[in-house]
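Please read it alongside the coordinates.

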Amino acid sequence: MGLLSLLRKLRSSSERDLRIVLVGLDNSGKTTILRQFANEETPQVTTPTAGFNIKSIQSNNLNLNVWDLGGNSKIRPYWKNYFENTDVLIFVVDSSDRKRMAESTSEFNELLKDEKLQNVPIIVLANKQDLNSSMKASEVAEIIGLVKLKDREWQIQACSAIDGTGLKEAMDWICKCMKK
Amino acid sequence: MKNQYHQDMLPLSNYLNTIYLFFRPLIKWFLHRFTNLCELQRLVYGAPDGYRRYKLVERSLYLSKRPQIKNLVYCLNEITSHCIPESLIDAEITTRAIDTILNVKKIKPKYHPGFSDAFGRCIDGIYTYKMLESYVEKLRLQQYSSENFEHEQKLLLLWNNLMPNIPLENRITKQWQQIGFQGDDPSTDFRGMGILALDNLLFFSSEYSGTARHILSHSQHPKYGYTLAVVGINITHMAWRLLKSGQAKSHFYNLSRTHGYLNIEHFHQFYCYLLYEFDSFWIKLKPNNLMEFNNVQERFEKSIVKSTEKENCLFKMNLSVENV
């Protein structure tokens, strides 16, 4: 018993608090992704996020505090107030919305320029893969210029927030990244 | 059915509740002996008209062990899970309930002339609330579609109500952001709240056009502004939650006491009240920016829920600015 509780203590002290920031255009699926990460039900009942949501998620001995910032163009200027001490940035793209790919790209480039996000690993989620009209993850990576990125670790992950496919892989990458 | 009922009683500690349920038949038997009245009669004659009486009658019906009453409750729940026209409510719901109760409880209308009427009004309130719930859910599940002519018309009407002097240049335009949608096409903003959110906003902007424009001007304030349409959709979510959880029953049952059958217009009015009050709440708090929305909304919801816990709760728009 004594040994077990000691081990448990050691384990819990090695748990780290991480700060993950989830951004992307409006209607890209950030809140649904957040709910899937937190294993919540009924992702159908969503409303546009005015402001932000935050949830703590335990995964692989890590304690992840995920900040889901609203994608509304009116609140994008406030994103940068939340970048301090960020460990991983998640950028969500609606892969089915070809018309707004340019807008996504320009927001993405703005993020790369931000000083507080220097060297912060980035994972791009090419969301809505369940729709037929969606672009492949590799196409998305190409368009937003992810492949040219050299100053930090990055990853592209195809996913579908509605049924949760691809999100486990995304979480595994984040945890692997943090354990290095 | 049972689960739903238990949710309503959460404030009562489960412990006390079990004890009460155990002794309930005995207590009822005693009271019946001494007063010569059945429980429903005691409630209808004794409890103050409105939420308190309706709530107790509802509870009494749910807890009844008589097969005919169980069957009645089952039937009424079935009927109200669809939406039936108002003209059928009396025959399908009210009369059915009154007849069953008079029959099972052997109440003679000749000696109890007031009972049927008063009991019928309780049934009207309780079951038109359920019907309202089903109808609201139906609207919510209807997704906005750009190919639906009626939806498109409603959207354009919303613009005209809020911005009567500025024509919309295009269906897809950044102008939508002026009334607080997120991008250049509002159709993706309704999401989980569907047509219900659009109908709510449209009702507010048509019924209280002056107030709506006044609130719009608040929302466009450079420092304390917010995105009106998006906030409006989130308020629809809140109104829907309150209706579904039963927390809004106090307001709606009290409303039914004076207004009879509840219908979708009453829900829209409830929404207008919430949106109008939210605006005042926001202005008073002067948050730094829209990022504080969830925090402010939570505090606002808490204050509303607190009001619904009062038995005489009845929300009324306190308009001081209509048609400024």
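Which residues does B:Tyr271 touch, not counting residues up to four places away in sequence?

1. Conventions. This is a predicted model, in which local features need pLDDT of at least 70 and side-chain atom pairs count only at pLDDT 80 or more, while totals for chains, interfaces and linings use all residues. Residues are numbered from 1 along each chain as its sequence is written, and chains are lettered from A and ligands numbered from 1 in the order in which they are written.

2. B:Tyr271 and the cores. Outside the four places on either side in sequence, B:Tyr271 touches B:Asn200, B:Phe204, B:Ile235, B:Thr236 and B:Ala239; two residues are in contact if their C-beta atoms, placed from the backbone, lie within 7 Å. B:Ala239 and B:Tyr271 are the residues with the most contacts inside the largest nonpolar core, which has 77 residues. Such a core is a set of buried Ala, Val, Leu, Ile, Met, Phe, Trp, Tyr and Cys residues joined through C-beta atoms within 7 Å. Domain 1 (2-141) and domain 2 (149-308) of chain B both give residues to this core, so it lies between them. A second, separate core of 38 residues includes A:Val23, A:Val92, A:Val140 and A:Ala170.

3. Chain B overall. Chain B has 14 helices and 0 strands; helices (H or I, at least four residues) and strands (E, at least two) are DSSP runs, numbered from the N terminus. The C-alpha trace of chain B spans about 75 × 40 × 35 Å along its principal axes. Of its 324 residues, 36% count as buried. Here buried means that 20 or more other C-beta atoms lie within 10 Å of the residue's own, exposed means 12 or fewer, and partly exposed is in between, with C-beta atoms placed from the backbone. Among contacts in chain B with a separation of 6 or more, 73% join residues 24 or more positions apart.

4. Domains of chain B. The chain is divided into domain 1 (2-141) and domain 2 (149-308), with bounds that come from an automatic or database domain assignment. Taken over C-alpha atoms, the centres of the two domains are separated by 34 Å. Their contact takes 20 residues from domain 1 of chain B and 22 residues from domain 2 of chain B. On the domain 1 side, α1 (2-8), α4 (51-63), α6 (86-104) and α7 (115-141) of chain B each supply at least two residues, and the largest share, 11 residues, comes from α7(B). That side divides into 9 nonpolar, 4 polar and 7 charged residues. Ala, Val, Leu, Ile, Met, Phe, Trp, Tyr, Cys and Pro count as nonpolar, Asp, Glu, Lys and Arg as charged, and the others, Gly among them, as polar.

5. An unreviewed UniProt entry carries the annotation "domain: ELMO" over residues 150-308 of chain B. UniProt positions are given in the numbering used here, feature names are shortened, and annotations may be inferred rather than shown by experiment. Over residues 150-308 of chain B the chain is 66% helix and 0% strand, and the end C-alpha atoms are 35 Å apart.

6. UniProt (unreviewed entry) places the feature "binding site" at A:Thr31 and A:Thr49. They span 19 residues in sequence, yet no two of their C-alpha atoms are more than 7.5 Å apart, so they gather at one spot. A:Thr31 is in helix α2 (residues 30-37) of chain A, whereas A:Thr49 is in the loop between α2 and β2 (52-59) of chain A. A:Thr31 counts as buried because it has 23 C-beta neighbours inside 10 Å. Leaving aside neighbours within four places in sequence, A:Thr49 is in contact with A:Thr31, A:Asp68 and A:Gly70.

7. Helix α4 of chain A. The buried residues of α4 (residues 137-144) are A:Ala137, A:Val140, A:Ala141 and A:Ile144. They cover an arc of only 100° around the axis, which puts them on the same side of α4(A); the arc is that of the directions from the helix axis to the C-beta atoms. What covers them includes β4 (88-94), α3 (101-113), β5 (122-127) and β6 (154-158) of chain A.

8. Chain interface. 16 residues of chain A are in contact with 21 residues of chain B. The chain A side divides into 6 nonpolar, 8 polar and 2 charged residues.
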